[in-house]
Amino acid sequence: MPAIRIIHRTRLSPLAAWLRLTDWERHGAQVPLTRTIIETAGPTRVGTRFTARTGVGGLTFDDPMEVTVWQPPEGAAPGLVRLVKRGRVMTGWAEIEIRPAPAGGSEVHWREDIGVRGLPRALDPVVAATGRRLFGRAVQRLLSAA
């Protein structure tokens, strides 16, 4: 599976960044042709499930995910959320870690190992490059949105 690594620095506090980056419904608004469907009652915790549905009309695919680690930032301790992809098309996992930055604000580490069933491994570099661009833009927009 191709690995995606993104580091983003923001002036937001770790908790403010956490609240924006773990608002799953807002993720769908940042990814073209995607909406997020929350399948479990809030608040988010281990076991929370949601699906990112991407496509137009009948040409869609689902990317169901489950929260397997939920540790919001507290004081100087970083926050960490881990999502496991449970779908037929998309496989792998994603982690969002938010650390306090030494000069104030926070540093976001987005790590993802993503697979697309049926896609030849020779296309892994294309999947990784597309993922870095797509998720990097989503992180930037989620952290800059009011």
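Buried means under 20% relative accessible area, exposed over 50% and partly exposed in between, using a 1.4 Å probe and protein chains only. Keep that scale at hand for this tour of a predicted model, in which local features need pLDDT of at least 70 and side-chain atom pairs count only at pLDDT 80 or more, while totals for chains, interfaces and linings use all residues. Residues are numbered from 1 along each chain as its sequence is written, and side-chain values use heavy atoms, with hydrogens and water left out.

**Stop 1: helix α1**

Select residues 14-21, which make up helix α1. Helices (H or I, at least four residues) and strands (E, at least two) are DSSP runs, numbered from the N terminus. Which residues of α1 are buried? They are Pro14, Ala17, Trp18 and Leu21. Now look down the axis of α1: its buried residues fall within an arc of 105°, so they line one face of the helix. That arc is taken from the directions from the helix axis to the C-beta atoms. An α-helix has 3.6 residues a turn, so residues three or four places apart point the same way.

**Stop 2: aromatic pairs**

Next, show the aromatic side chains. How many aromatic pairs does the structure hold? There are three. Rings of Phe, Tyr and Trp (its six-membered ring) pair if their centres lie within 6.5 Å; planes under 30 degrees apart count as stacked, over 60 as edge-to-face and the rest as tilted.

Start with tryptophan 18 and tryptophan 70, a tilted pair at 4.8 Å centre to centre with 55° between the planes. This pair links distant parts of the chain, since tryptophan 18 is in helix α1 and tryptophan 70 is in strand β4 (residues 59-71), 52 residues apart. Tryptophan 18 is buried at 2% relative accessibility, whereas tryptophan 70 is partly exposed at 22%.

Then select tryptophan 24 and phenylalanine 50. These two rings are stacked, 4.7 Å centre to centre and 15° between the planes. Tryptophan 24 belongs to helix α2 (residues 24-30) and phenylalanine 50 to strand β3 (residues 49-56), so the pair ties together parts that are 26 residues apart in sequence. Tryptophan 24 counts as buried at 4% relative accessibility, and phenylalanine 50 counts as buried at 3%.

**Stop 3: histidine 27**

Stay in helix α2 and pick histidine 27, which is buried at 14% relative accessibility. What does the side chain of histidine 27 reach at 2.7 Å? It reaches the backbone oxygen of leucine 21. A polar contact is a pair of N or O atoms within 3.5 Å; within protein, one must be able to donate a hydrogen and the other to accept it, and residues adjacent in sequence count only if both atoms are side-chain atoms. Leaving aside neighbours within four places in sequence, histidine 27 is in contact (heavy atoms within 4.5 Å) with Leu21, Thr36, Trp110 and Leu142.

**Stop 4: two loop residues**

Move to leucine 33, in the loop between α2 and β2. Leucine 33 has a positive phi of about 60° although it is not a glycine, and at 58% relative accessibility it is exposed.

Proline 43 is in the loop between β2 (34-38) and β3. The peptide bond from glycine 42 to proline 43 is cis, with omega near 0°. Proline 43 is exposed, with a relative accessible area of 65%.

**Stop 5**

Now colour the strands; two of them pair if DSSP finds at least two bridges between them. Six bridges join the antiparallel β4 and β5, and tryptophan 70 stands opposite valine 81 in β5. Six of the eight residues of β5 (residues 79-86) are buried, so this strand is largely enclosed by the rest of the structure.

A hairpin of three residues leads from β5 to β6. β5 and β6 (residues 90-100) pair in the antiparallel sense over eight bridges. In β6, tryptophan 93 is the bridge partner of valine 84, and isoleucine 98 is that of glycine 79.

β6 is mostly covered, with nine of its 11 residues buried. It pairs antiparallel with β7 (residues 106-116) over 11 bridges, where glutamate 95 stands opposite arginine 111 in β7. Finish at glycine 104, which takes a positive phi near 100° in the hairpin of β6 and β7, with five residues between the strands.
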